[in-house]
Amino acid sequence: MLQHKNAVAKALFNRAGSFQTIPDTKKYIGSSEDRLPPIKTRGVVYQIACKTCTMVYIGQTGRMLEHRLKENQRALKLLDINTSAVAQHAIQQHHRIDWENVTIVDHQQKLHKRCYSESPIRMSGPSMNRDTGLLLPVYNCQTKM
Ligand SMILES: [Zn+2]
C-alpha cells in the first residue's frame, strides 16, 4: 500500500512539475477504515449467527465491533442472560454461537442511521433479538451503544 501511495505521489509530482492538491485522496489511496480488519471497525450493524439453528442476532455499535463482541462473549461465559440476547439464546436453548463468522451488514457512523439500518434486517428472519428495533415499537437506541 505504501508503494502505491508513493507511486501516486510521484506520478502527480512528475506530471505537474510540482506537487498539486489532490481533490479526493481516498479515491487513490483509500480511507484508514478501509485498511482496518472488520473486527476493529467502528460504526457498524453486525450479524451474529447461531451454529445450532437458523437464528441470528442483529446489533449495532458505534464502538469497535471487537468490544461489543467481547461483551456478548463475557455475558455468555458468566451465564448472564440480562445483558446479552445472544447469551440468553445460547444459554436457554443450549445452542452454540458462531463467533468466528460474525458479519458486518452495514457501515454507518451516525447512531440514528445504524438504528434504522438494523431494524428491517432484524425483522427479515428468525432473530435472537428481544425487539424489532426502531420500527415496532419506538425503540430507544441510546441504551445500546
Ligand atoms: Zn440457536
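This is a predicted model: local features need pLDDT of at least 70, side-chain atom pairs count only at pLDDT 80 or more; totals for chains, interfaces and linings use all residues.
Helix 6 is twelve residues long and reaches 16 Å from its first C-alpha to its last, close to the 16 Å expected at 1.5 Å a residue.

The three strands make up an open, antiparallel sheet in the order 2-1-3. Strand 2 and strand 3 stand at the edges with a single partner strand each, so one side of each has no neighbour in the sheet. On average, neighbouring strands are turned by 35 degrees against each other, direction ignored. Helix 6 packs on this sheet and touches strand 1, strand 2 and strand 3; its direction makes about 170 degrees with that of strand 2.

Strands of a sheet pair through backbone hydrogen bonds. Here, strand 1 and strand 3 run antiparallel and are joined by six bridges. Val-44 stands opposite His-107 in strand 3.

The residue ranges of the elements discussed are as follows.

| Element | Residues |
|---|---|
| Strand 1 | 42–50 |
| Strand 2 | 56–64 |
| Strand 3 | 97–107 |
| Helix 4 | 65–77 |
| Helix 5 | 85–93 |
| Helix 6 | 111–122 |

The largest nonpolar core has 16 residues, of which Tyr-46, Ile-48, Val-56, Tyr-57, Val-86 and Met-128 touch the most other members. At least two core residues come from each of strand 1, strand 2, helix 4, helix 5 and strand 3. Beyond its neighbours within four places in sequence, Met-128 is in contact with Met-55, Val-56, Tyr-57, Ala-85, Val-86 and His-89.

Note on methods
Residues are numbered from 1 along each chain as its sequence is written. Two strands pair if DSSP finds at least two bridges between them. Helices (H or I, at least four residues) and strands (E, at least two) are DSSP runs, numbered from the N terminus. Axes are lines fitted to C-alpha atoms, for helices over the stretch in contact, and angles run from 0 to 180 degrees between N-to-C directions. Two residues are in contact if their C-beta atoms, placed from the backbone, lie within 7 Å. A nonpolar core is a set of buried Ala, Val, Leu, Ile, Met, Phe, Trp, Tyr and Cys residues joined through C-beta atoms within 7 Å. A residue is buried if 20 or more other C-beta atoms lie within 10 Å of its own, exposed if 12 or fewer, and partly exposed in between; C-beta atoms are placed from the backbone. The expected span of a helix is 1.5 Å times one less than its number of residues.
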